[in-house]
Amino acid sequence: MTRRWRLLLPLGLLAIAVVLVVWRGPDWGLVQDAFTAVTWEWVAAAIGFNLLSVLTRAFAWDTAIKQSIAAPHPRFPLVFSAFSVGLFANAVLPGRVGELARVAVLRRRLVGRKGTTATLVGSVFAHRMFDLFPALALVIWVLLSAKIPRWALTSIALFIVVGITLFLTAVFLAHRQRRELEELGRIRTLLSRARQGLAIMRSPIAAGTAALFQFAGWLCQLFAVWAAMEAFDIHLPISAAGLVLVLMNVATIFPLWPGNFGLVQIAVALPLVNYNVAYAHGVAFGIGLQAIEASVGVGVGLIFLAREGLSYATLRDIEESPVDNGDDEVVAEPRDDRARVAG
């Protein structure tokens, strides 16, 4: 019954999204016309910038991992592979399953390293916290230079408050007095190991390095949005691309269904009306922009999913069984599904 509800709930939410798109829907003939005028060279540029963003963000997570677990550390190709599988999971499944998926994929490469799952989960949390600095810089720049609709201000403020609260929580947990694991109970041991994943918060140089990588990742995403705007014949200042990037992140902070498709298009199209971009044109751009981002996450993710010998069913197992497995681990270990991967 629980499994059925996990399937039906995202479908119900997706149905609501479809109703929203139809209710606030544009003239679909005009949306189709916008796609006929796409400049594919700019689409390729947007895909390239997204690939660079993925690479730099993976380097940021690699930096957090090196501060969290003892040597020998996993090589960067293994980290990038796990990170890419996580992107794929986030693109095709609701929730933040990708964060658990990348932990599970990397954990299976760390044979004999007891308790590393909880620590890797902590490193993922620390990694995501370094999004706060580029997000704050982007929001301040957008507030000063872009035409922000009033309805968006509350959402942006909530986005920033949540980010700052989580970051301060991570710093507090990272600096709490450490105790010997043998003195703790099982649950507290797992929590303590997860806190080890926040070790980067105690190293200013490593934290600064990770933050720089995240800044680079966001900058690449900004240029990807701008290139996508050029591809859809939307010629606006790059501050408008910054506004789109902020609102896309606000719209997807809680992915209730895959990609929050529909909600993202509305969040992108409505503010562009202030720039005299027709609503139908803005919706077409929102669809194209999300397709460009998804093509990177799904395309790269599928390559590394096959490389790891895993399948989509494996990711579903992680979504449905993120439980303690009795061996100091807190997420489901992916089965080897190499036989089920085509090619």
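I take buried to mean under 20% relative accessible area, exposed to mean over 50%, and partly exposed to mean in between, with a 1.4 Å probe and protein chains only. By that rule I looked up A170, which at 0% relative accessibility counts as buried.

**Ground rules.** I note that this is a predicted model, in which local features need pLDDT of at least 70 and side-chain atom pairs count only at pLDDT 80 or more, while totals for chains, interfaces and linings use all residues. I number residues from 1 along each chain as its sequence is written, and the side-chain values use heavy atoms, with hydrogens and water left out.

**Overall make-up.** I find 14 helices and 0 strands in the protein, where helices (H or I, at least four residues) and strands (E, at least two) are DSSP runs numbered from the N terminus. Of the 343 residues, 51% are buried. For contacts I use heavy atoms within 4.5 Å, and among contacts between residues at least 6 apart in sequence, 75% join residues at least 24 apart.

**A170.** I located A170 in helix 8, which covers residues 150-174. Which residues does A170 touch, not counting residues up to four places away in sequence? They are F125, M129, L198 and M201. For M201 I also noted the C-alpha separation from A170, which is 7.6 Å, with the two residues 31 apart along the chain.

N50 is found in helix 3 and is buried, with a relative accessible area of 6%. Leaving aside its neighbours within four places in sequence, N50 is in contact with Q221, A224, I292, E293 and V296. Q290 has its place in helix 13 and, at 14% relative accessibility, counts as buried. With neighbours within four places in sequence again left aside, I list G259, F261, V264 and Q265 as the contacts of Q290.

**Helix 10 with helix 11.** For helix pairs I use axes that are lines fitted to C-alpha atoms, for helices over the stretch in contact, with angles running from 0 to 180 degrees between N-to-C directions. Helix 10 (residues 204-231) and helix 11 (residues 238-251) pack at an angle of about 110°, with their axes 9 Å apart. That makes helix 10 roughly perpendicular to helix 11, on a scale where angles under 35 degrees count as roughly parallel, over 145 as roughly antiparallel, 65 to 115 as roughly perpendicular and the rest as oblique. On the helix 10 side I find W218, Q221, L222, F223, V225, W226 and M229, which meet I238, A240, A241, G242, V244, L245 and N249 in helix 11. By class, this contact of helix 10 with helix 11 has 11 nonpolar, 3 polar and no charged residues, where Ala, Val, Leu, Ile, Met, Phe, Trp, Tyr, Cys and Pro count as nonpolar, Asp, Glu, Lys and Arg as charged, and the others, Gly among them, as polar.

**Helix 4 with helix 5.** The axes of helix 4 and helix 5 (residues 97-107) come within 7 Å and cross at roughly 150°, and the two helices are therefore roughly antiparallel to each other. In helix 4, L78, V79, A82, F83, V85, G86, A89 and N90 meet V97, G98, E99, A101, R102, V105 and L106 in helix 5. I sort the residues of the contact of helix 4 with helix 5 into 10 nonpolar, 3 polar and 2 charged.

**Helix 2 with helix 13.** Helix 2 (residues 28-36) and helix 13 (residues 279-307) have axes that come within 8 Å and cross at roughly 55°; they are therefore oblique to each other. W28, L30, V31, A34 and F35 in helix 2 meet A280, H281, V283, A284, I287 and G288 in helix 13. The contact of helix 2 with helix 13 holds 9 nonpolar, 2 polar and no charged residues.

**Aromatic rings.** I pair rings of Phe, Tyr and Trp (its six-membered ring) if their centres lie within 6.5 Å, and call planes under 30 degrees apart stacked, over 60 edge-to-face and the rest tilted. By this rule the count comes to 10 aromatic pairs. F59 and F76 form a stacked pair, at 4.0 Å centre to centre and with 5° between the planes. F59 lies in helix 3 (residues 40-68) and F76 in helix 4 (residues 76-92), so the pair ties together parts that are 17 residues apart in sequence. F59, at 30% relative accessibility, counts as partly exposed. I close with one aromatic cluster, formed by F59, F76, F80, F213 and F304.
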